[in-house]
Amino acid sequence: MIELLRRFGGKFRRYMVIGPACKLIEVIFDLLTPLVIAQMIDKGIGAHDVNAVVRYGVVLAAMAVIGISFTLVCQKMAALTSQGMGTDIRGALYQHINKLSYAELDRFGTPSLITRITNDVNQVQLAVALGVRMLIRWPFLAVGSMCAALAIDLKLGIIFLICTPAIGLVFWFVMARCIPYYKQLQAKLDRIALICREGLSGARVVRAFVREDHERERFAQAADDQANTAIAVGKLSSILNPVTFLVMNLGVCAILWVGGIQVNVGELTQGQVMAFVNYMTQTLTSIVYVANLVVVFTKASASASRINEVLNCVPSITDEDNEPVALPEPGNVAPVPALSFDHASFSFGVGAANAVSDVTLELPLGKTLGIIGGTGSGKSTLVSLIPRLYDAGTGSVSVMGADVRTWPLDQLRHVVATVPQRTSLVSGTIRSNLTWRDESATDDELWAALDMAQASEFVRNKPQGLDAPVEAGGKNFSGGQRQRLTIARALVGSPQVLIMDDSASALDFKTDAALRHAVRERSVRGAAEGGLPLTTVIVSQRVSTVRDADMICVLDHGSVAGLGTHDELYASCQLYREICQSQLRREELEGQQGSAAPASAPTVPASVCAKEGC
């Protein structure tokens with residue numbers, strides 16, 4: 001908590017001084033109130049002097065008005081500080097999260113990060129607000145009341161010395177057992193957030209498989225687990241108030257008993273006894289509120305540590321001191337390769353098996369690389385190394401002849417455009433989604449990208465065209481339309497390298513073929529116009545999508561099982577041949593270069609041969 005105050009509290013320092021100062025003035029008036037009441041009783045009521053009663057009543061009213069005025073100022077300072085710090089912490093968290101690499105994001109998890117940026121920041125805000133308003137009030141009021149009571153009578157002060165440690169002992173007993181629960185509560189809230197996110201984002205799948213009862217049961221178990229922990233904390237905390245008020249009331253009874261005796265012998269006045277009771281009540285009530293403040297600060301401390309864990313997480317991918325990379329000159333006789341992998345390997349965490357293992361290949365400028373392999377073979381992970389979404393653990397990855405670690409990230413990700421496997425559109429308009437890479441893109445450039453992505457037809461059919469609304473996640477578009485819009489978004493801004501990570505899986509074969517043809521034309525046209533030709537990386541499980549690529553990389557459990565053209569791989573790579581036999585028609589298989597499929601090759605079922613691709 002202290003670290004967050006040092007980091008974000010500087011600009012609110014004056015508020016954190018003015019607020020407690022105003023609260024201190026209010027406390028001083030609260031401490032003077034019992035003395036004024038004592039005088040009212042002794043000189044007014046006891047002496048049957050109405051004027052004295054009215055005079056002291058006016059003084060009490062004036063003190064109340066002044067105290068309320070300072071309280072309002074303190075409340076304003078607390079609101080400005082807590083809300084301002086909360087806003088700054090959320091902004092810093094969001095900004096820092098966007099700097100983290102995929103490795104750190106995978107480690108924290110999306111549900112946990114959402115909980116930290118919402119619930120945990122709320123806990124810190126509450127603690128800051130109560131700190132400005134109450135941190136001075138209750139401790140100062142407790143100490144001041146005790147000192148004032150002891151000044152009235154030392155004999156009655158012995159009751160204070162008995163009651164106060166008794167309440168402190170109860171407080172220590174309860175807090176020592178509550179604090180561990182508060183940390184557990186935050187972790188269990190993360191679990192609830194995870195289940196909510198999975199259930200709501202996958203609602204269609206849940207209903208398609210009739211898993212509503214299972215999801216409800218799963219959520220109920222997580223909620224009950226969290227509730228049981230909260231109830232356990234509540235049961236412990238519920239001991240505080242009854243026990244402390246019992247001790248306080250017993251102390252008041254003792255004061256009235258002993259004080260009554262002293263009044264009879266003339267050692268104390270009735271007003272002094274009442275003042276002593278008021279101070280006793282203020283002291284013990286303050287201790288109760290201090291206990292509640294400790295509960296709030298304990299929760300905030302657990303939340304602050306989770307926030308600091310994110311803020312102190314150093315991104316593993318940075319571009320500090322990286323100078324802009326000079327791109328190859330168009331028409332260079334011996335251009336550098338567009339992409340190069342040199343024994344590149346990557347694993348998700350220390351000790352985990354390699355998701356990409358010892359990949360070596362080079363792709364010239366303007367050529368197309370097809371990457372194919374089974375599910376979990378490392379295709380998406382491999383292409384994620386190109387724009388530095390992950391960093392290779394060993395070996396290197398180069399773009400335009402320069403190691404990606406030497407590129408400024410902004411420049412690298414402007415040169416390399418990525419179409420992710422999962423479509424990602426944000427709420428807004430088609431125009432606002434397409435201009436992510438280039439906010440100054442003209443309408444002509446946007447329509448050209450839509451034409452290449454085979455998306456212009458359905459966009460033109462929208463009454464608002466480029467300004468047609470896009471709902472969150474693009475849910476008002478079909479899967480194929482969302483994929484084509486994300487492809488168009490990547491094409492805006494004239495990238496030199498285009499990565500399509502299985503981004504045509506929802507397209508029919510005709511549209512897929514037209515898309516690949518348009519991309520090839522774009523590459524040829526770029527070279528003809530004196531620019532760099534477009535280099536393309538296509539990840540797919542369809543042989544028909546990658547078979548025309550200049551180079552095909554076949555992955556098997558992260559390793560390169562084959563590298564070459566379609567004909568070369570069909571003749572030399574058993575894995576690629578099996579993929580082809582499961583997807584292509586019989587006549588296509590018989591037309592391969594070199595020789596037909598071996599006699600021992602399995603016969604492809606008619607039901608499979610009747611369709612092209614997968």
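Biologist: Which residues touch the most other members of the largest nonpolar core?

Modeller: In this predicted model, they are Ile430, Leu450, Leu498 and Tyr576, in a core of 47 residues. Local features need pLDDT of at least 70, side-chain atom pairs count only at pLDDT 80 or more, and totals for chains, interfaces and linings use all residues. Residues are numbered from 1 along each chain as its sequence is written, and side-chain values use heavy atoms, with hydrogens and water left out.

Biologist: What makes a set of residues a nonpolar core?

Modeller: Its members are buried Ala, Val, Leu, Ile, Met, Phe, Trp, Tyr and Cys residues joined through side-chain atoms within 4.5 Å; buried means under 20% relative accessible area (1.4 Å probe, protein chains only). A second, separate core of 36 residues includes Phe346, Leu361, Val415 and Val539.

Biologist: Which residues does Tyr576 touch?

Modeller: Leaving aside residues up to four places away in sequence, Tyr576 is in contact with Ile372, Val543, Arg547, Ile552, Val554, His566, Leu569 and Tyr570. Contact means heavy atoms within 4.5 Å.

Biologist: Why are S6 and S12 called edge strands of the sheet?

Modeller: The open sheet has six strands in the order S6-S9-S10-S3-S11-S12, with mixed pairing. Strands S6 (416-419) and S12 (559-564) each have a single partner strand, so one side of each is left without a neighbour in the sheet. Strands are DSSP runs (E, at least two residues).

Biologist: What makes S3 and S10 a pair?

Modeller: Two strands pair if DSSP finds at least two bridges between them. Strand S3 (residues 368-373) and strand S10 (residues 535-539) have four bridges, in the parallel sense, and therefore meet the definition. Leu369 has Val537 as its bridge partner in S10.

Key
Buried < 20%, exposed > 50% of the residue type's maximum accessible area, 1.4 Å probe, protein only.
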